[in-house]
Structure formats: C-alpha cells, structure tokens
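Thanks for coming. I will go through one model this morning, starting with its overall layout and then its charged pairs and surface patches.

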Amino acid sequence: MGKRDNRVAYMNPIAMARWRGSTQPAGPTIQDYLNRPRPTWEEVKKKLENKKKGSKALAEFEEKMNENWKKELEKSREKLLSGNECPSKKRERKRKKKKKSCRSSSSSSSGSDSSSSSSDSEDVEKKQGKKRKKKKNHLYKSSESSMYESESESKESVKKKKKSKDETEKEKCIRILSKKRKKTYPEDKPSPPEFSSESDREEELQAKKKRRHEEQEKSMEKIKKKKKKQYKKHSKKKKKKSTSSHKSR
C-alpha cells in the first residue's frame with residue numbers, strides 16, 4: 001500500500017487576479033472624495049456674518065429679560081428706601097398726623113384747649129426724643145469702652161506670655177551655664193549664705209580668678225622646665241655619639 005498524495009496545486013494570486021479582471025469598488029473612491037461639492041468663498045463669508053449677527057429671537061428674548069430685570073430692580077430699590085428712611089423723617093410724619101388729629105378734635109372744642117393739648121404733646125415728644133438720644137449715646141460709649149477693655153486685656157495677656165517665655169529661657173540658660181562651670185571647675189562651690197552683699201561675691205570671684213591664673217602659670221613653668229631638661233639630655237647624647245665616632249676612626 002502506498003502513501004496517500006496530499007499535495008495541492010500552487011495558485012499564483014497575481015495571475016488569478018488578472019484572470020478575474022477588474023472588480024468594482026464597494027464604497028466611495030479617492031476621486032469621489034476630491035471631487036466633492038465645496039462652498040465658495042462668498043458663501044463662507046455670508047455664514048460668518050450671520051454667526052456674528054446672531055439670531056433675532058435670542059436678541060428679543062434678551063431685551064425682554066433686561067426690561068423685567070430693570071422693573072424688579074426699581075421695586076427692590078423702592079422697598080429699601082422705604083425701609084431705610086431716617087428716624088427723624090418718621091417722627092415728623094407722626095407729628096404731622098398727630099397735629100392733624102388734634103386739629104380735627106380741636107375744631108369741636110375751644111381754641112385754648114387745642115393749643116394747650118398740642119403744646120403738651122410737643123413737650124412730651126421732645127422729652128422722649130432727648131431720652132432716646134441719651135440712651136443711644138450711653139450704648140455707644142459702653143460699646144466703645146468694652147472694645148477698649150477687651151483690646152487692653154488681649155495686649156496684657158500677650159505681654160505676660162512673652163515675659164513668661166523670656167523668664168523660662170533665662171532660667172534654662174542659667175542652668176546650662178552652671179552645669180558647664182561645675183564640669184570645668186569642680187572646686188568652685190556655691191557662695192555661702194553669709195556673703196549676702198554683691199561686693200563680697202565679686203571679691204570672692206576675683207580671688208578665685210587670681211588663683212586659677214597662678215595655677216596656670218605654675219603649670220606652664222613646669223612644662224617649660226621639663227622641655228629644657230629633655231633638650232639638654234638630647235644634646236649631651238648627640239655630643240657623646242659624635243666623640244665616640246671620631247675616636248673609632
């Protein structure tokens with residue numbers, strides 16, 4: 001039994017395409033894209049001008065909104081002006097109303113009664129106005145005094161805090177210096193309670209400084225003497241060596 005032949009004939013794709021012929025394209029070609037309809041420069045200018053002008057409906061809507069907004073502003077202004085009228089104007093209006101009422105009532109009564117009642121009402125109103133002014137002045141002064149006191153208290157508290165910080169820093173520095181002195185000069189001892197005056201303390205400190213200076217001088221002299229001795233010994237040894245070498249020769 002022989003092997004089965006599984007070979008397939010080779011087909012050249014280029015030759016097959018030529019044999020089939022030219023195929024029609026499914027979508028638009030490059031020539032169609034290049035030959036598409038385009039607007040002229042005049043049409044483009046017209047479109048840009050129309051965009052700049054904007055729509056008429058939008059302009060009308062904006063005008064209406066501006067008119068409504070102006071009306072609302074006028075109403076709110078009138079309300080604020082009516083609410084923020086001076087108290088003096090309000091009092092004048094009240095006085096005028098009272099005078100008119102008094103005149104209407106006085107027409108029935110006699111002229112003397114009307115004059116006395118109007119004068120009494122004016123006096124009462126004057127007294128009330130004076131009392132109100134006094135109250136306002138008192139409140140204003142009290143508010144100013146409270147503000148000044150609060151500011152002064154805050155300043156004093158800040159000053160106290162600064163003083164406390166400075167004192168703590170000074171105490172720390174003093175402690176550090178005392179520790180360093182104890183390490184460098186352990187012989188120093190705190191001054192006894194007998195020396196209470198500052199002059200005695202100063203004299204004691206000066207005496208201690210003199211002692212230290214003397215001790216330092218003594219130590220320096222000792223060191224110099226040692227160096228001189230060593231130098232002499234070294235020079236003697238050199239001389240001996242030189243004499244011995246000459247003799248041997």
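**Layout, salt bridges and patches**

Reading from the N terminus, the elements of the protein run α-α-α-α-α-α-α. That is seven helices and zero strands, where helices (H or I, at least four residues) and strands (E, at least two) are DSSP runs, numbered from the N terminus. This is a predicted model, and local features need pLDDT of at least 70, side-chain atom pairs count only at pLDDT 80 or more, while totals for chains, interfaces and linings use all residues. Residues are numbered from 1 along each chain as its sequence is written, and side-chain values use heavy atoms, with hydrogens and water left out.

How much of the protein is buried? Buried residues make up 2% of the 249 residues. Buried means under 20% relative accessible area, exposed over 50%, and partly exposed in between, with a 1.4 Å probe and protein chains only. The protein exposes about 26100 Å², and carbon and sulfur atoms supply 54% of that area. Accessible areas come from the Shrake-Rupley method with a 1.4 Å probe; for residues, only the protein chains shown count as cover.

Helix α1 covers residues 13–20, and zero of its eight residues are buried, so the helix lies largely in the open. Just after α1, Gly21 takes a positive phi of about 100°.

Now the charged pairs. Side chains of opposite charge can pair when their charged atoms come close. The rule used here for a salt bridge is a side-chain nitrogen of Lys or Arg within 4 Å of a carboxyl oxygen of Asp or Glu. By that rule the count is three salt bridges.

One is between Asp5 and Arg7, at 2.9 Å from N to O. Both of these residues are exposed.

Another joins Arg95 and Glu125, with the closest N and O atoms 3.3 Å apart. This pair links distant parts of the chain: Arg95 sits in helix α5 (residues 87–108) and Glu125 in helix α6 (residues 111–184), 30 residues apart. Are the two partners buried or exposed? Arg95 is partly exposed, at 36% relative accessible area, whereas Glu125 counts as buried at 15%. The Glu125 and Arg95 side chains also make a polar contact at 3.3 Å. A polar contact is a pair of N or O atoms within 3.5 Å; within protein, one must be able to donate a hydrogen and the other to accept it, and residues adjacent in sequence count only if both atoms are side-chain atoms.

There is also Glu204 with Lys208, whose closest N and O atoms are 3.9 Å apart. These two are four residues apart in helix α7 (residues 198–248), so about one helical turn separates them. Glu204 is partly exposed at 24% relative accessibility, and Lys208 is buried at 19%.

Last, the patches. Patches are made of residues with over 30% relative accessible area and no salt bridge; like charges are joined within 9 Å, and nonpolar side chains (Val, Leu, Ile, Met, Phe, Trp, Tyr) within 5 Å. Lys and Arg count as positive, Asp and Glu as negative, and His and the chain ends are not counted. The place of a charge is taken as NZ of Lys, CZ of Arg, CG of Asp or CD of Glu.

Glu60, Glu62, Glu63 and Glu67 form a negative surface patch. Glu67 lies in helix α4 (residues 56–83) and is exposed, at 52% relative accessibility. A nonpolar patch on the surface consists of Ile30, Tyr33 and Leu34, with about 370 Å² of accessible area together. Leu34 belongs to helix α2 (residues 30–34).
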